[in-house]
Amino acid sequence: MDAIAAKFGHSFTYDEALIGHVAIEATGSPLPDESLEKMLHSDAVLFGAVGHPKYDNDPSARVRPEQGLLKMRKELGLYANLRPIKLFDELLGASSIKPEILKGADILFFRELTGDIYFGEKGRKNNGDTAYDVAEYSRYEVERIARKAFDAARTRRKKVCSVDKANVIETSRLWREVVQKVAKEYPDVEVEHQFVDATAMLLIKDPRRFDVVVTANLFGDILTDEASQIAGSMGMLASASIGDGTGVYEPIHGSAHDITGKGVANPLASILSAALLLDISFGMKAESEAVIAAVDGVLKAGFRTRDIADATTPTAKVLGTEAMGAEVLKLI
Ligand code: IPM
Ligand code: MN
């Protein structure tokens, strides 16, 4: 951000706030009020990642880092999560999918982010022997995310694939009904409806058939992890969570505690998240493109972090986190 400010004559001011495990350790809460206030008073939030193995292996933990993330999404009204899946040409060999299937794949996911089974009533009954999670969607929630997806499709290849499980699930039937209705307002955009199981298959079989994909919270969570393999690595994927106020920009990967302190994490997903922030929250298109071009440039120069180094690029220079970031800075 500072390199962009220097190059384009801007000045950005930063505030820092705790969330997740570190916030629990410091205050007892995964999202302290102070952090939320700071976010609400900022123009945009650049987010790290939450999660800690300590809680993953303890299903009885009542306070969990992820609660901070979910509360932030709800409180900031971040109902649309944009996850662009774009393969940099240089990384064709880094994916486990065959290059001829992958080349040119470019998908924009719209994952609904503040509804569904994530936020419905949950609990236990029968003395704790039965658990339930309610999935719920209201018409307006589907409508607003569908419009965002159709609007985006107009700026791209004009195709929307809406993903649901309308053959079984009632919220999916409402979802499909609403998307069909919204689609009528966009006669220039081609729409198709797919079931989530078939979509999981088609993403790997023929990723290029997709342009914009719009889906519910849980399906979107799962499908975008799968789709990350189209881009070679989770370490490449940025996301934007937007609503009507402050936007939040974060890599789609988690906190990767298995590599804590090793200096091998791929910083590009975070850097590309800053590029989305510049574009979407600040309307700085040229600045955003400068960041993406710099990332493209370091890949073209053969620099790789461990997760995207592959056997088909024998000349690749494998760098750690800091060094990779430094190469991006040089090109900005
Ligand atoms: C994501 C993450 C979160 C989610 C977790 C950490 C709660 O997997 O942003 O995709 O499930 O939404
Ligand atoms: Mn996820």
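This report walks through the sheet, the hairpin, the helix pairs and the ligand site of a predicted model.

Eight of them form an open sheet, in the order 1-10-9-2-3-8-6-7, and the pairing is mixed. The edges are strand 1 (44-46) and strand 7 (190-195), each of which pairs on one side only. Neighbouring strands are turned by 20 degrees against each other on average, direction ignored.

Now look inside the sheet. Strand 6 (residues 159-164) and strand 8 (residues 212-215) run parallel, joined by four bridges. Which residue of strand 8 is the bridge partner of Val-160? The partner is Val-212.

## Helices on the sheet

Helix 9 (residues 196-205) packs on this sheet and touches strand 6 and strand 7. The direction of helix 9 makes about 105 degrees with that of strand 7.

Helix 10 (residues 217-227) also packs on the sheet. Helix 10 touches strand 2 (80-86), strand 3 (106-112), strand 6 and strand 8. Its direction makes about 155 degrees with that of strand 3.

## A hairpin

Strand 4 (residues 122-125) and strand 5 (residues 130-133) run antiparallel, with four bridges joining them. Lys-125 stands opposite Thr-130 in strand 5. The two strands form a hairpin, and four residues lie between them. In the turn, Asn-126 has a positive phi of about 50 degrees.

## Helix 7 with helix 8

Two packed helices are described by the angle between their axes and the distance between the axes. Take helix 7 (residues 139-154) and helix 8 (residues 170-183): their axes come within 9 Å and cross at roughly 45 degrees. That angle makes helix 7 oblique to helix 8. The crossing is right-handed.

Helix 7 brings Arg-139, Val-142, Glu-143, Ala-146, Arg-147 and Phe-150 to the contact. Helix 8 meets them with Leu-174, Trp-175, Val-178, Val-179 and Val-182. By class, eight of these contact residues are nonpolar, none are polar and three are charged.

## Helices 11, 12 and 13

Helix 12 packs against helix 11 and against helix 13. First, helix 11 (residues 268-280): it packs with helix 12 at an angle of about 160 degrees, with the axes 7 Å apart. Helix 11 is therefore roughly antiparallel to helix 12. Helix 11 passes helix 12 in a left-handed crossing. On the helix 11 side, the contact includes Leu-268, Ile-271 and Leu-272. On the helix 12 side, Lys-285, Glu-287 and Ser-288 are among the contact residues. The whole contact divides into nine nonpolar, one polar and three charged residues.

Next, helix 13 (residues 321-331). Helix 12 (residues 285-300) packs with helix 13 at about 120 degrees, and their axes are 8 Å apart. Are the two helices parallel or oblique to each other? They are oblique. Helix 12 passes helix 13 in a right-handed crossing. Ala-294, Val-295, Gly-297 and Val-298 of helix 12 meet Met-324, Glu-327, Val-328 and Leu-331 of helix 13. Six of the residues in this contact are nonpolar, one is polar and one is charged. Val-295 takes part in the contact with helix 13 and also in the contact with helix 11.

## Around ligand 1

Which residues surround ligand 1? They are Val-50, Gly-51, Glu-66, Leu-69, Asp-221 and Ile-252. This shell has three nonpolar, one polar and two charged residues.

Technical notes:
Residues are numbered from 1 along each chain as its sequence is written. Chains are lettered from A and ligands numbered from 1 in the order in which they are written. This is a predicted model: local features need pLDDT of at least 70, side-chain atom pairs count only at pLDDT 80 or more; totals for chains, interfaces and linings use all residues. Axes are lines fitted to C-alpha atoms, for helices over the stretch in contact, and angles run from 0 to 180 degrees between N-to-C directions. Angles under 35 degrees count as roughly parallel, over 145 as roughly antiparallel, 65 to 115 as roughly perpendicular and the rest as oblique. A crossing is left-handed if the near helix is turned anticlockwise from the far one by less than a right angle, and right-handed if clockwise. Two residues are in contact if their C-beta atoms, placed from the backbone, lie within 7 Å. Ala, Val, Leu, Ile, Met, Phe, Trp, Tyr, Cys and Pro count as nonpolar, Asp, Glu, Lys and Arg as charged, and the others, Gly among them, as polar. Two strands pair if DSSP finds at least two bridges between them. A residue is near a molecule or strand if its C-beta atom, placed from the backbone, lies within 6 Å of it.
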